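The sequence and structure are shown first, and the description follows.

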Amino acid sequence: MNYVQPWVILAFSAIIFFIGFAGILVRRNILVVLMCIELMLNAANLTFVTFSKQLHHMGGQMSVFFIITVAAAESAIGLGLVVAMFRTLRSVDTDDIQLLRE
Amino acid sequence: MEINPAFFYIFAGLAIAFSLLVVIKKSAIASAFNLVCVFFSFAGIYAMMDAHLIAAIQIIVYAGAVMVLFLFVIMLLNADNAAFDMHPIGRGKRLVSASFVVVMAGMFIWVFKNTTYLGPISNFSNANVEAAGGNTQVLSELMFSEYILPFELTSVLLLAAIIGTIAIAKRKKPAALLNGGSAAKGGNAQ
């Protein structure tokens, strides 16, 4: 039997997505929160590839290509923000972000 | 899906275990290295699902570029700094968020299990893709024909990201230094 039901793969990506979501809720280190966002984006990518294979349509894999580009840009900007935050607050704790100005 | 169940379950189990470690581990460095393992497991699953180009991009961009960026920032901010010792959130909050997440994941799995899936809606079946030169060639030809506009817009997005990152992370000169510099220049003129 060389076959895995599509719902198993989708359920797996839902589990990974919600592990990342739990990390965003539980963790206070902003670097780990960014990593959990990357986990959630990866879970979404796996859903796209699964449907691309299920529907025999390449649009899903093209979407994954663009999502990976956007995720790379997002993490670059996010880490730039973390560096700027650490420079002003001397901390990477999300609870310390309370003011809109320095 | 025509993929080997044994290898799928191995990769899926590894990915779930390592992503749990990403959340649980106290140190940001440990989380980053566990995240690399998650990315490699995902690349294995993509390769098994005949998405070869996506698997390669996953390794090059995620496990390569993005993780190097993460590790670079963690090292730059000095991982041994006292600021990294988080005071953990309370047991009650942790329990509430964990149970919320479990309920939501269960709901999603139930929905995915009880949905009827559409059959093929286009003709990119496995045999057709193989006959047309493989996944990478088919995807590349689509990228430069049907999806050329989003592909070009991607370059604009990356340019905006470069400029934005430089503008955000650039060290601003302190006001005192700026004033001192202009005063010195004025002194020279006199």
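## Burial and fold of chain B

A residue is buried if 20 or more other C-beta atoms, placed from the backbone, lie within 10 Å of its own. By that criterion, 21% of the 190 residues of chain B count as buried.

The model is predicted: local features need pLDDT of at least 70, side-chain atom pairs count only at pLDDT 80 or more, and totals for chains, interfaces and linings use all residues. Residues are numbered from 1 along each chain as its sequence is written, while chains are lettered from A and ligands numbered from 1 in the order in which they are written.

Chain B has eight helices and zero strands (DSSP runs numbered from the N terminus: helices are H or I, at least four residues; strands are E, at least two).

## Helix 1 and helix 2 of chain B

Helix 1 (residues 5–24) and helix 2 (residues 28–48) of chain B pack at an angle of about 160°, their axes lying 8 Å apart (axes are lines fitted to C-alpha atoms over the stretch in contact, and angles run from 0 to 180 degrees between N-to-C directions). Helix 1 of chain B is therefore roughly antiparallel to helix 2 of chain B, a term for angles over 145 degrees.

## Contact between the chains

The contact takes 70 residues from chain B and 62 residues from chain A; two residues are in contact if their C-beta atoms, placed from the backbone, lie within 7 Å. Among the elements of chain B that each supply at least two residues of the side touching chain A are helix 3 (52–76) and helix 4 (91–113).

Methods:
Angles under 35 degrees count as roughly parallel, over 145 as roughly antiparallel, 65 to 115 as roughly perpendicular and the rest as oblique. A residue is buried if 20 or more other C-beta atoms lie within 10 Å of its own, exposed if 12 or fewer, and partly exposed in between; C-beta atoms are placed from the backbone.
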